[in-house]
Amino acid sequence: QVQLVESGGGLVQVGGSLRLSCAASGRTVKDYAMGWFRQAPGKEREFVAAISWSSGATNYADVVKGRFRISRDNVLNTMYLQMNFLKPEDTAAYYCAADRRTTAVYGRPSPADFGFWGQGTQVIVSS
């Protein structure tokens, strides 16, 4: 089993930055696909970014490309999401996810592709 704990959410102004963290525990995730999803009130959970822990290959949703950056730290067993140039439409609960199937990183990942989830961290972008 993998336990995931997100942190780093908060209130930020338009154009600002935040860095989310996802600490993994319980077992090593070195062979896992890891991802970030978000869910705004009244909307479905949507893909944001994903990374292959072993290869470092990344995948981004078009709406965050060029503004967000996903990364991981092998020593700390932690994944990050650096969010820059934030917009009001980025306001959502952000969830960290993991799965043993590394193919989950590629294409258009959906929540169904990931079996382990964190509890979420709220991001509010105010104008």
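Predicted model: local features only at pLDDT ≥ 70, side-chain atom pairs only at ≥ 80, totals over all residues.
Residues are numbered from 1 along each chain as its sequence is written, and side-chain values use heavy atoms, without hydrogens and water.

Q: How far apart are the sulfur atoms of C22 and C96?
A: C22 and C96 form a disulfide. C22 lies in strand β3 and C96 in strand β9 (residues 92–99), 74 residues apart; strands are DSSP runs of E, at least two residues, numbered from the N terminus. The gap between the sulfur atoms is 1.8 Å.

Q: Is the disulfide of C22 and C96 left-handed or right-handed?
A: Look at the torsion about the S-S bond. For C22 and C96 it is about -60°, so the disulfide is left-handed.

Q: Is C22 buried or exposed?
A: Buried means under 20% relative accessible area, exposed over 50%, partly exposed in between (1.4 Å probe, protein chains only). C22 has 0% relative accessibility, so C22 counts as buried.

Q: Which residue in β8 stands opposite R69?
A: Strand β7 (residues 68–73) pairs with β8 (residues 78–83) in the antiparallel sense over six bridges; pairing takes at least two bridges found by DSSP. I70 has L81 as its bridge partner in β8. Opposite R69 stands Q82.

Q: Which residue in β8 stands opposite A23?
A: Strand β3 (residues 18–25) also pairs with β8 in the antiparallel sense, over six bridges. Opposite A23 stands T78.

Note on methods: Helix = DSSP H or I, 4+ residues; strand = E, 2+ residues; numbered from the N terminus. Disulfide = S-S within 2.5 Å.
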